[in-house]
Amino acid sequence: MRNSLRALAMSALALTLPLHSHAQVNAEQVLNIGRNVLSMEDYLLAIQYFNLAIKAKPYLADAYFFRGLAKLSLDDYEGAVADCTLALERNKFKSEAYKVRGFALMNLGRDSLAVEDYRRGLEYNPTDKYFLYYKGVAETELKRFEEADSSFNLLLRRNPKFEDGYVARGRLNLERGDTITALADIDHALQLSKSLLNAYLLKADVAARRSDWPEALVNMDEAIKLRPEISDYYVNRAYLRYNNEDFFGAMSDYNYALNLDPSNMAALFNRALLRTEVKELQNADADFSAVLEMEPSNFYARYNRGLVNLEMGNASRALSDFKAIARKYPRFHPAYYAMAECYRELGQMQEMVKNIKHGDQLVANYIANPTRNPLDRPTIAPGRSDHGDGAPETEQEFMERFNRLMTQSDVAEQQLSFNDKIKGRVQDRNINVEAEPAYAVSFSQPEVTLRNSANYFRDLENLNQRRYIQRRIYLSPGSPTPSDEARMAEAFKIEEEFSNSLAASQSPRPVDYLGRGVARTMLRNYDDAIADLTVAIDSADDFATALFARAYAYYARARSPRTDITSADNPDKTELMAAAGASATSADYQAAINDLDALLAINPGMVYAWFNKGLIYYDVGDFTSAVQCFSEALRIDPDFGEAYYNRGLSYMRQGNRQQSFADISKAGELGVLPSYNLLKRMK
């Protein structure tokens with residue numbers, strides 16, 4: 001049912017989208033459709049409808065407001081703030097926009113601004129309990145405890161059965177150190193409703209702080225019953241079970257958390273530590289390695305993997321990990337003692353003594369003058385690095401903390417949601433952080449996407465309209481290689497058709513070489529594809545479609561896996577072959593850029609040429625040039641979502657976080673699915 005509703009909405013959207021001329025759009029009708037799609041929780045599609053309404057009538061406050069609400073549901077808080085601001089500029093009495101903007105500001109850590117929005121909202125709608133509720137939460141975050149207490153007291157006088165208000169006031173009292181009053185409020189809230197997630201999380205946190213593990217587990221169990229899909233909760237319950245000496249239960253929770261979210265770093269790391277403790281060393285090694293695949297700089301995983309391999313007798317592998325640690329943290333003395341043990345296992349006694357002496361010297365220097373000769377002591381989890389009384393921790397305490405289990409997040413964290421029904425959350429899907437792919441020409445029709453405009457290329461359109469060849473050629477993003485056996489067979493058939501035509505002709509046409517070159521690109525036969533396209537270009541040097549197709553073939557060949565260039569028997573040959581492979585790749589990238597430049601000399605407004613050129617620069621690490629190319633593409637087509645996304649990635653690589661956020665948010669607004677997942681990760 002859900003899919004059929006979405007299909008109907010997509011069909012309606014297609015009828016309202018502009019093609020080559022701007023059709024009249026009934027803004028109110030489109031806005032209503034968008035609101036219905038929003039209620040179906042298909043946030044990306046809803047945003048496209050609101051975009052249409054805004055283009056037709058940019059003075060409509062509701063279009064900006066609902067687009068902001070959709071962005072809020074996708075965790076695009078910057079985008080939600082921007083849209084609600086635009087809505088309020090058009091209608092300052094739109095009180096709900098203050099609420100949405102305030103909530104987004106809170107999630108951005110701008111609680112002072114959020115409080116001002118809630119105050120303004122209360123001026124226009126003084127009876128709205130959520131304005132008071134969110135205002136009190138924001139004031140709690142700001143440590144304005146008296147103001148927060150006043151807000152919650154007023155809220156609960158007016159709404160004595162508002163259970164979330166009691167939970168929030170309980171959290172306020174916990175922050176103030178009044179545990180008894182806090183628990184009284186939380187228990188009262190649970191008398192009003194047994195389905196309060198925050199209440200159970202707070203009670204679990206209070207019990208854990210008191211080391212009352214059974215009580216903490218009871219409440220964590222209730223939280224998981226309410227939200228069984230959240231992997232982090234299983235990580236936290238595993239921590240509680242571990243402290244309750246239920247190792248089997250803890251392991252089960254880590255396993256289940258990883259079933260829900262295979263990339264949950266805390267679950268992987270903790271399971272590895274637990275497996276180490278119960279002597280499942282091979283499995284522990286696998287888990288630490290998985291952590292390092294996702295986060296190569298994870299010092300703790302590398303150190304513990306070294307210890308595991310040392311215990312298993314893999315001294316050489318352990319040694320490589322400890323050496324990597326010593327390079328990054330040259331004053332982390334345990335690494336030198338660990339290396340000494342590795343050298344002892346390997347029978348290299350001189351190196352063993354050398355490393356022991358170096359570790360001893362680091363410790364002696366520290367004792368003589370701690371300020372001048374500090375030791376490297378990175379921490380693994382939030383918490384105190386001393387006893388709280390100013391006394392430094394002992395060496396044993398430090399190493400215990402270094403190897404301890406960690407929780408994914410503080411279980412007492414306030415779990416706020418704007419309407420408590422945030423579904424269809426594409427930002428929670430695990431999507432690889434990769435640039436949006438290059439555009440290619442092929443004989444396969446592109447799939448329908450959320451993008452607002454067709455993939456129009458003037459020269460290609462002319463070629464199709466004049467029917468120089470019987471088959472239509474399309475322009476689409478991503479690899480043109482067929483995705484299944486039937487389509488692969490069709491591509492071979494197309495190649496054969498053009499080969500037969502070229503063989504039968506006394507004067508072969510450039511378009512036939514183009515057709516066979518495109519088919520061979522689809523089949524990843526890049527060498528022969530480039531040869532065919534070169535013939536087509538040599539016959540007509542202004543053949544824009546052939547230039548674009550050959551540029552893609554060069555680009556694809558540069559990115560394709562090369563013949564194996566490793567040779568353990570001949571290291572010198574390996575280096576020469578590796579250098580030759582790198583040189584060939586560089587030459588292909590340059591050839592692709594040369595073809596795109598030639599195309600742009602013919603057609604400077606060919607937006608996809610600018611996009612592909614920017615992607616090549618991104619791949620080779622020239623992010624400044626990539627930004628320039630994507631910016632030129634956006635100058636030509638300001639609604640080119642993929643260009644915003646890739647420019648945002650380029651800004652990210654340059655360290656320009658603010659501009660990166662803005663571009664990736666805009667890409668999400670324009671229908672680029674991975675944007676919201678990336679925004680969530682960046683935060």
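This is a predicted model: local features need pLDDT of at least 70, side-chain atom pairs count only at pLDDT 80 or more; totals for chains, interfaces and linings use all residues.
Residues are numbered from 1 along each chain as its sequence is written, and side-chain values use heavy atoms, with hydrogens and water left out. Local features need pLDDT of at least 70 and side-chain atom pairs count only at pLDDT 80 or more, whereas totals for chains, interfaces and linings use all residues.

Helices and strands are DSSP runs numbered from the N terminus (helices H or I, at least four residues; strands E, at least two). Helix 5 comprises 14 residues, 77-90. The distance from its first C-alpha to its last is 20 Å, close to the expected 20 Å, where the expected span is 1.5 Å times one less than the number of residues. At the N-terminal end, helix 5 is capped by Asp-76, with a side-chain oxygen 3.0 Å from the backbone nitrogen of Gly-79. The buried residues of helix 5 are Tyr-77, Gly-79, Ala-80, Val-81, Asp-83, Cys-84, Ala-87 and Leu-88; buried denotes under 20% relative accessible area, exposed over 50%, and partly exposed in between (1.4 Å probe, protein chains only). Their cover includes helix 4 (61-73), helix 6 (95-107) and helix 32 (657-669).

In helix 6, eleven of the 13 residues are buried, among them Lys-99, Arg-101 and Phe-103. The end C-alpha atoms of helix 6 lie 19 Å apart, in agreement with the 18 Å that its 13 residues should span at 1.5 Å a residue. Its buried residues pack against helix 4, helix 5, helix 7 (111-124) and helix 8 (129-141). Just after helix 6, Gly-109 adopts a positive phi of about 80°.

One cluster linked by ring pairs contains Phe-103, Tyr-118, Tyr-130, Phe-131, Tyr-133, Tyr-134 and Phe-162. The charged end of Lys-99 is placed over the ring of Phe-131, 5.1 Å from its centre. Lys-94 is likewise positioned over the face of Phe-65, at 5.0 Å from the ring centre. For such placements, NZ of Lys or CZ of Arg must be within 6 Å of the ring centre and within 35 degrees of the ring normal.

Two further helical residues were examined. Tyr-43, in helix 3 (residues 43-56), is buried, with a relative accessible area of 4%. Tyr-43 and Lys-71 are separated by 28 residues in sequence and by 7.4 Å in space, C-alpha to C-alpha. Asn-355, in helix 21 (residues 349-368), is buried at a relative accessible area of 9%. Its side chain reaches the backbone oxygen of Glu-351 at 2.9 Å. Neighbours within four places in sequence aside, Asn-355 is in contact (heavy atoms within 4.5 Å) with Tyr-336, Met-339, Ala-340 and Tyr-343.

A nonpolar core is a set of buried Ala, Val, Leu, Ile, Met, Phe, Trp, Tyr and Cys residues joined through side-chain atoms within 4.5 Å. The largest has 128 residues, and Phe-443, Leu-514, Phe-548 and Phe-640 have the most contacts inside it. Helix 27 (residues 544-559) gives the most to this core, with twelve residues. A second, separate core has 68 residues, including Tyr-166, Ala-204, Leu-258 and Leu-268.

Terms used
A polar contact is a pair of N or O atoms within 3.5 Å; within protein, one must be able to donate a hydrogen and the other to accept it, and residues adjacent in sequence count only if both atoms are side-chain atoms. Rings of Phe, Tyr and Trp (its six-membered ring) pair if their centres lie within 6.5 Å; planes under 30 degrees apart count as stacked, over 60 as edge-to-face and the rest as tilted.
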